[in-house]
Amino acid sequence: MGSSKRRGGGGGVGGEKKDLFHVVHKVPAGDSPYVRAKHLQLVEKQPDLAIVWFWKAINSGDRVDSALKDMAVVMKQQDRSEEAIEAIRSFRHLCSKQAQESLDNLLIDLYKKCGKVEEQIELLKQKLKMIYLGEAFNGKATKKARSHGKKFQVSIQQETSRILGNLGWAYMQQNNYEAAELVYRKAQTIEPDANRACNLGLCLIKLGRHGEARQTLEDVLLHRIYGSDDEKVVARAEQLLHELNLFNCVSSPFDVGQSVHEEIMERLDLVMNEWTPFRSRRLPVFEEIATFRDQIAC
């Protein structure tokens, strides 16, 4: 009896072809507003019309989690990022708790594209708080992620390093290189990465600490850091070193000795190790995390 039935209710060759169509085009089966939106997006390649049907899906309660995220992605592709931001802000309350994290990640990308640096920084700091409180990944140590059609596991350490890297980049857009250096260093202690090392090297150049910058960039060229086999990253490290060599060799007041470097690292450990702050030169993100922890302890 089981062999006479087809999955999805289709029978015979027609049912098999219908199932194959959905697999090939990666669209769900059915005729709901969300299904129509996905068909318009992926098969008929009509993004503007797909957005209309995604709206219909959201308003009718049809797979709202997926409809809102997919619509925002299509809007971003159509250079309608401001609309996508407003849509997520206005309708995310209709989505499940499990969808909030991916919506945050999408918002960060949209803020970055729109040049909304302050909003990006605030959201990144919120995500760091969630990690500290054990609320990230819905309380789990890992989560499933997808990139270029491939699924893989992401650990909480990898996510923390990624968020810190994004935060460092956002601080760089504000020319706040001291803050960027601190968060990049913490990211590198969690999970070293060649691209972030280049960003750290650039921060050190901007701060006038050329010796440290040279060492950081040479670590990339000597393949001492994960990701050093990426040709684009290596080319960037070479370019930064070339620019560094063009600087005058006259000592900068920022080129400090080893003792001062050790003091910087000690302060960094105090700030970032286990989210413990120190009294002076605290960055806002760690100030807020410390306050949040003190409230929990009371």
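Begin by selecting Phe91, which is partly exposed, with a relative accessible area of 23%. Here, buried means under 20% relative accessible area, exposed over 50%, and partly exposed in between (1.4 Å probe, protein chains only). The model is predicted, so local features need pLDDT of at least 70, side-chain atom pairs count only at pLDDT 80 or more, and totals for chains, interfaces and linings use all residues. Residues are numbered from 1 along each chain as its sequence is written, and side-chain values use heavy atoms, with hydrogens and water left out.

**Aromatic pairs**

Two aromatic pairs are found in a search of the whole structure. Rings of Phe, Tyr and Trp (its six-membered ring) pair if their centres lie within 6.5 Å; planes under 30 degrees apart count as stacked, over 60 as edge-to-face and the rest as tilted.

Select Tyr34 and Phe54. Their ring centres are 6.0 Å apart and their planes stand at 50 degrees, so the pair is tilted. Tyr34 belongs to helix 2 (residues 33-42) and Phe54 to helix 3 (residues 47-60), so that the pair links distant parts of the chain, 20 residues apart. Helices (H or I, at least four residues) and strands (E, at least two) are DSSP runs, numbered from the N terminus. Tyr34 is buried, with a relative accessible area of 7%; Phe54 is also buried, at 0%.

Trp55 lies in helix 3 and Phe91 in helix 5 (residues 81-91), so the pair ties together parts that are 36 residues apart in sequence. Trp55 is partly exposed, with a relative accessible area of 26%.

**Helix 7**

Now select residues 117-132, which form helix 7. Just after the helix, Gly134 takes a positive phi of about 75 degrees.

**The second largest cavity**

Two cavities of 30 Å³ or more are found in the whole structure. On a 1 Å grid over the protein atoms alone, a cavity is a set of points where a 1.4 Å probe fits but cannot get out, and lining residues have an atom within 4 Å of a point. The second largest cavity holds about 40 Å³ of space. To see its lining, select Glu101, Lys127, Met130, Ile131, Ala136, Glu159 and Ile163. Helix 7 and helix 8 (156-173) are the elements that give two or more residues to this lining, and helix 7 gives the most, with three.

**Helix 8 and beyond**

Within helix 8, pick Met172, which counts as buried at 6% relative accessibility. Its C-alpha atom is separated by 7.7 Å from that of Cys203, 31 residues apart along the chain.

Finish with Gln239 in helix 12 (residues 231-245). Gln239 counts as partly exposed at 41% relative accessibility.

Terms used:
The expected span of a helix is 1.5 Å times one less than its number of residues. On a 1 Å grid over the protein atoms alone, a cavity is a set of points where a 1.4 Å probe fits but cannot get out, and a pocket is an open set with protein on both sides within 12 Å along at least five of seven lines; lining residues have an atom within 4 Å of a point. Grid points are joined across faces, edges and corners, and a volume is the space filled by probe spheres set on the points.
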